[in-house]
Amino acid sequence: MDDDKSCSSSFSTGKSAQERGLSYVPGCYVIPTSHRPSLTPDVANVPIIDFGKLKQGSHERAIVIQEIRTACRQLGFFQIVNHGICQSVLDEALASASEFFKLPGSEKAKFMSNDVHKPVRYGTSFKDGTDKIQFWRVFLKHYAHPLADWINTWPNNPFNYRETMGKYCKEVKKLSLEITEAITESLGIGPTYMSNKLEDGLQVITVNCYPPCPNPEIALGLPPHSDYSCLTIVLQSCPGLEIMHAEEGAWKQVPQLHGALQVHVGDHFEVLSNGLYKSVVHRTTLNRERTRISIASLHSLGLDEKMGTAKELVDEEHPGRYKESSFKDFLNFLSTNDLAEGKSFINTLKI
């Protein structure tokens with residue numbers, strides 16, 4: 001235990017192995033044999049939803065709503081195309097993210113923090129650089145809604161970071177509301193069930209960088225976890241995300257589809273649906289040669305607002321299965337628990 005602690009502290013944020021580009025994987029990054037990834041993973045058969053068809057008449061909309069329902073029940077995950085965000089907006093956001101992580105350490109250190117409640121912070125590993133098991137990741141997290149309240153707290157180096165990331169955040173926030181309407185409609189509780197609450201809710205952007213790893217078969221970028229959000233929308237530069245296929249009990253890689261965005265059902269939509277929809281368990285694998293960039297936009301209710309199960313989905317045959325919780329409840333859980341050891345926020349909510 002003490003060795004683990006000293007190893008982890010030796011690779012805390014600012015001096016981590018992934019930031020220093022070490023040619024070996026230190027012991028505190030090595031994950032147990034049973035949890036190690038395959039270098040030749042099976043590819044997941046992920047539903048691809050043509051989002052443009054939602055606006056092509058009631059018949060087409062009904063088909064897409066059913067596709068979303070099936071995807072949320074079976075995987076808790078799908079990819080969307082024809083989502084309305086220009087390719088240039090996606091490309092510029094990824095480019096700005098990549099440029100930020102190339103900055104000197106002194107620039108990034110301005111945002112360094114292990115405080116999970118901080119609205120803008122730079123860190124490494126999963127939660128911070130002092131996790132018991134270290135993960136080969138560098139990240140920048142910042143709040144993004146309302147955009148005018150937060151954008152001036154973001155990095156202004158690279159010079160265009162605020163402009164390009166702000167444009168992406170604004171577009172993806174709008175898209176999140178459209179996806180939410182489709183998801184609640186697919187649950188049978190109507191498209192406007194969550195609209196106002198999510199429109200006024202939180203948007204947290206996690207910009208991830210997974211540098212090349214000398215031994216990607218013994219380490220991970222992120223451990224298995226589900227997201228605490230209602231839903232998460234992810235843009236990635238190359239493959240590396242794996243999802244747990246619950247029916248098969250197997251990890252499968254999400255294929256790269258140019259221009260597509262990935263949609264994760266989060267813990268709070270599992271709660272809303274009374275377990276009908278499952279928050280997807282996922283992890284991030286590494287690559288020996290290339291850096292992977294991803295931008296995750298997490299959407300949830302306000303900081304203190306509680307998410308409960310929709311009363312329309314509870315009856316004698318289907319009693320409520322979850323306690324209410326808020327985004328702040330999750331942050332408090334995260335600050336006192338090590339998710340890398342398998343502890344899960346959603347499991348604390350089950351009745």
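**Close-up views of cavities and pockets in a predicted model**

**View 1. The lining of the largest cavity and the elements that build it.** Among the elements that line the largest cavity, β12 gives the largest share, with 4 residues. The model shown here, as in every view below, is a predicted one. At least two lining residues each come from β5 (202-210), β6 (222-225), β7 (231-236), β11 (282-284), β12 (292-300) and α10 (327-336). The lining consists of 25 residues, and those that lie nearest the centre of this cavity are Arg137, Leu222, His225, Asp227 and His282. By class, the lining residues divide into 11 nonpolar, 9 polar and 5 charged, and the space that lies in the cavity is about 350 Å³.

View 2. Two or more lining residues are given by β4 (138-143) and by α10, and the largest share, 4 residues, comes from α10. The lining of this second largest cavity holds 9 nonpolar residues, 1 polar residue and 3 charged residues.

**View 3. The span recorded as a domain.** In an unreviewed entry, UniProt lists residues 200-301 for "domain: Fe2OG dioxygenase".

**View 4. The largest pocket and its surroundings.** The volume of the largest pocket is about 420 Å³, and 26 residues line it, with Ser226, Glu270, Ser279, Val280 and Val281 lying nearest its centre. The elements that contribute two or more residues to this lining are α3 (58-74), β6, α9 (267-272) and α11 (345-349). Sorted by class, the residues that line the largest pocket are 11 nonpolar, 8 polar and 7 charged.

**View 5. The second largest pocket.** This pocket has a volume of about 290 Å³, and its lining is formed by 17 residues, of which Leu39, Gln253, Thr285, Leu286 and Asn287 lie nearest the centre. The lining of the second largest pocket comprises 8 nonpolar, 5 polar and 4 charged residues.

Definitions and conventions:
Residues are numbered from 1 along each chain as its sequence is written. This is a predicted model: local features need pLDDT of at least 70, side-chain atom pairs count only at pLDDT 80 or more; totals for chains, interfaces and linings use all residues. Side-chain values use heavy atoms; hydrogens and water are left out. On a 1 Å grid over the protein atoms alone, a cavity is a set of points where a 1.4 Å probe fits but cannot get out, and a pocket is an open set with protein on both sides within 12 Å along at least five of seven lines; lining residues have an atom within 4 Å of a point. Grid points are joined across faces, edges and corners, and a volume is the space filled by probe spheres set on the points. Ala, Val, Leu, Ile, Met, Phe, Trp, Tyr, Cys and Pro count as nonpolar, Asp, Glu, Lys and Arg as charged, and the others, Gly among them, as polar. UniProt positions are given in the numbering used here, feature names are shortened, and annotations may be inferred rather than shown by experiment.
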